[in-house]
Amino acid sequence: MERAERRGIAGRGVRVGLLLACAPVLPWAALALGVALVEFLRPGGDTRLAARDLRYGGLLTGGSLLAGVLMGLVLAGGLALASRVVTRPWGFTLVSALLGALVFPAVFAVVAIGTDGALAQLATTFLAWPVMTAVAAAHGPDVAGCTRRRPWLWPSDPAQGRRPERVRADAAPERPHRVS
């Protein structure tokens with residue numbers, strides 16, 4: 001696999017990994033930050049509770065971003081290895097579903113740490129596990145570079161990522177002058 005192609009698969013994998021990790025976690029982070037704001041602003045609010053919720057919001061946001069990057073790199077690496085054996089889009093779909101199911105516990109761990117094991121948040125995140133596995137499976141062939149069904153994973157300009165070539169003064173072709 002070429003270096004540019006590996007870089008492309010890693011970028012697409014990280015984008016999908018961020019989607020897989022941030023979709024179930026960021027609503028809880030927004031809720032924690034909203035509760036912190038209410039506790040700070042309401043008269044007689046508990047600033048200790050607000051600081052704790054602010055810390056939870058930061059843990060959830062930062063943890064989901066870190067987990068998303070790691071999940072995306074594992075997904076991209078697994079699909080790059082599978083591309084040596086698998087050639088069909090459905091094969092990449094199966095590999096991606098398996099990898100998505102295996103890396104999703106990182107999101108579960110982020111929610112457990114960021115909410116102090118709150119049962120409602122953990123149960124909702126647990127229910128998101130099969131949904132995010134299906135999302136990983138749906139995006140697997142695109143991450144592997146087998147299909148281009150998801151335009152948000154692919155750069156819009158084919159020249160994106162390449163540097164413009166330098167133009168030298170002597171590199172221009174000479175035009176023959178017409179002799180009259």
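The dialogue below sets computed values against the definitions of the terms.

Mentor: Please note that this is a predicted model, in which local features need pLDDT of at least 70, side-chain atom pairs count only at pLDDT 80 or more, and totals for chains, interfaces and linings use all residues. Residues are numbered from 1 along each chain as its sequence is written, and side-chain values use heavy atoms, with hydrogens and water left out.

Trainee: What makes up the secondary structure of the chain?

Mentor: The chain has 5 helices and 0 strands, and its pattern along the sequence is α-α-α-α-α. Helices (H or I, at least four residues) and strands (E, at least two) are DSSP runs, numbered from the N terminus.

Trainee: What lies 2.8 Å from a polar atom of the side chain of T125?

Mentor: It is the backbone oxygen of Q121. A polar contact is a pair of N or O atoms within 3.5 Å; within protein, one must be able to donate a hydrogen and the other to accept it, and residues adjacent in sequence count only if both atoms are side-chain atoms. The pair formed by Q121 and T125, at 2.8 Å, is within that limit.

Trainee: How is Q121 itself classed, buried or exposed?

Mentor: Q121 has a relative accessible area of 17% and is therefore buried. Q121 is also in helix 5, and it touches W28, V111 and T115, not counting residues up to four places away in sequence.

Trainee: Which residues touch the most other members in the largest nonpolar core?

Mentor: They are M71 and L79, in a core of 29 residues. Helix 1 (3–41), helix 2 (47–82), helix 3 (89–103), helix 4 (105–114) and helix 5 (119–144) each give two or more residues to this core. A nonpolar core is a set of buried Ala, Val, Leu, Ile, Met, Phe, Trp, Tyr and Cys residues joined through side-chain atoms within 4.5 Å. Not counting residues up to four places away in sequence, M71 touches G17, L20, A21, V103, F104 and V107.

Trainee: How are two packed helices described?

Mentor: They are described by the angle between their axes and the distance between the axes. The axes of helix 2 and helix 3 come within 10 Å and cross at roughly 145 degrees. Axes are lines fitted to C-alpha atoms, for helices over the stretch in contact, and angles run from 0 to 180 degrees between N-to-C directions.

Trainee: Which residues meet where helix 2 contacts helix 3?

Mentor: From helix 2, M71, V74, L75, G78, L79 and A82 meet F92, V95, S96, L99 and V103 of helix 3. By class, this contact has 9 nonpolar, 2 polar and no charged residues. Ala, Val, Leu, Ile, Met, Phe, Trp, Tyr, Cys and Pro count as nonpolar, Asp, Glu, Lys and Arg as charged, and the others, Gly among them, as polar.

Trainee: How are A82 and A76 classed, buried or exposed?

Mentor: A82 counts as buried because its relative accessibility is 12%. A76, with a relative accessible area of 4%, is therefore buried as well. A76 lies in helix 2 and touches I9, A10, G13 and V143, leaving aside residues up to four places away in sequence.

Definitions and conventions
Buried < 20%, exposed > 50% of the residue type's maximum accessible area, 1.4 Å probe, protein only. Contact = heavy atoms within 4.5 Å.
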